[in-house]
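Have a look at the picture first, and then we will go from one space to the next.

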Amino acid sequence: MATGLIGRLVRTKPARLTTTTARLIPSRCTSSATETESKPSSKLKTFQIYRWNPDSPGKPELQDYQIDLKDCGPMVLDALIKIKNEMDPSLTFRRSCREGICGSCAMNIDGCNGLACLTKIEGDGGKETTITPLPHMFVIKDLVVDMTNFYNQYKSIEPWLKRKSPEEGGKEILQSKKDRAKLDGMYECILCACCSTSCPSYWWNPESYLGPAALLHANRWISDSRDEYTKERLEAIDDEFKLYRCHTILNCARACPKGLNPGKQIAHIKQLQR
């Protein structure tokens, strides 16, 4: 009896081991498959970026860069920084605040002017994104343009408070809430030049036409109740080219990343000139 019992125990153990092993093997395979599925697949997108280097004379070209959107921030500026840091350190562009405040990263993205830090990358990985400098501006290098003329035009409208009355012991000049509200839609301008470089009139007359940005700021000071040089300001821009090259195409309003309407402010100046 003892021999028969031992024989049954010996015959039973391998079967149990086999069953246990059979149960363990599928669980390992399932775990491996789950780990494979949990790994995120790459989402590649191609960026065509305008390249031109003054130190290497030649025609400008569009250079392709391919990045994984799953390993990149959501904005175009994130993609540019990733390309510069990880792929091509020679890529040149302006940027600073990354919050749509400084206006440094203004450029043309897929045919529309805008700020790279506020423009989202289109999620369609199959469609290329083309990035070029602001149109009709002299290019210094790659996506960096010469803003000298733009800033000179801004300076020409004297963008500061001008008073004729003598100062009263350094006291601040008060303004009513109603008068302060008149400046809304103008003081928010960050001088990114997206509006001016989208204007056909500015393309054809960049040296004589002040452009949407400068005229918007001119109206900002004309409308300021604390300023006492309204008449002189109006006379300074009452010119066939400085002011009246605006034909109300309103590309400026569509291009402004801050949602302003320079065309409306220019129309207000024209009404005051009558």
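By class, how many nonpolar, polar and charged residues does the lining of the largest cavity have? It has 14 nonpolar residues, no polar ones and one charged residue. Here Ala, Val, Leu, Ile, Met, Phe, Trp, Tyr, Cys and Pro count as nonpolar, Asp, Glu, Lys and Arg as charged, and the others, Gly among them, as polar.

Before going on, a word on the model itself. It is a predicted one, in which local features need pLDDT of at least 70 and side-chain atom pairs count only at pLDDT 80 or more, while totals for chains, interfaces and linings use all residues. Residues are numbered from 1 along each chain as its sequence is written, and side-chain values use heavy atoms, with hydrogens and water left out.

How is a space found? Rolling a probe the size of a water molecule over the atoms shows where empty space is left. On a 1 Å grid over the protein atoms alone, a cavity is a set of points where a 1.4 Å probe fits but cannot get out; a pocket is an open set with protein on both sides within 12 Å along at least five of seven lines, and lining residues have an atom within 4 Å of a point. Grid points are joined across faces, edges and corners, and a volume is the space filled by probe spheres set on the points.

There are two cavities of 30 Å³ or more. The largest has a volume of about 90 Å³, and among its 15 lining residues C189, C192, C195, C256 and P257 lie nearest its centre.

The second largest cavity, of about 80 Å³, is lined by 13 residues, with C199, C246, T248, I249 and L250 nearest its centre. Its lining has eight nonpolar, five polar and no charged residues.

C195 also leads us to P262, as the two are in contact (heavy atoms within 4.5 Å). Their C-alpha atoms are separated by 7.9 Å, though they are 67 residues apart along the chain. P262 counts as buried because its relative accessibility is 3%, where buried means under 20% relative accessible area with a 1.4 Å probe, protein chains only.

Finally, turn to the largest pocket, which holds about 220 Å³ of space. Its lining includes H136, F150, Y202 and E207, and by class it has five nonpolar, three polar and two charged residues.

Notes. Buried < 20%, exposed > 50% of the residue type's maximum accessible area, 1.4 Å probe, protein only. Lists of a residue's contacts leave out its neighbours within four places in sequence.
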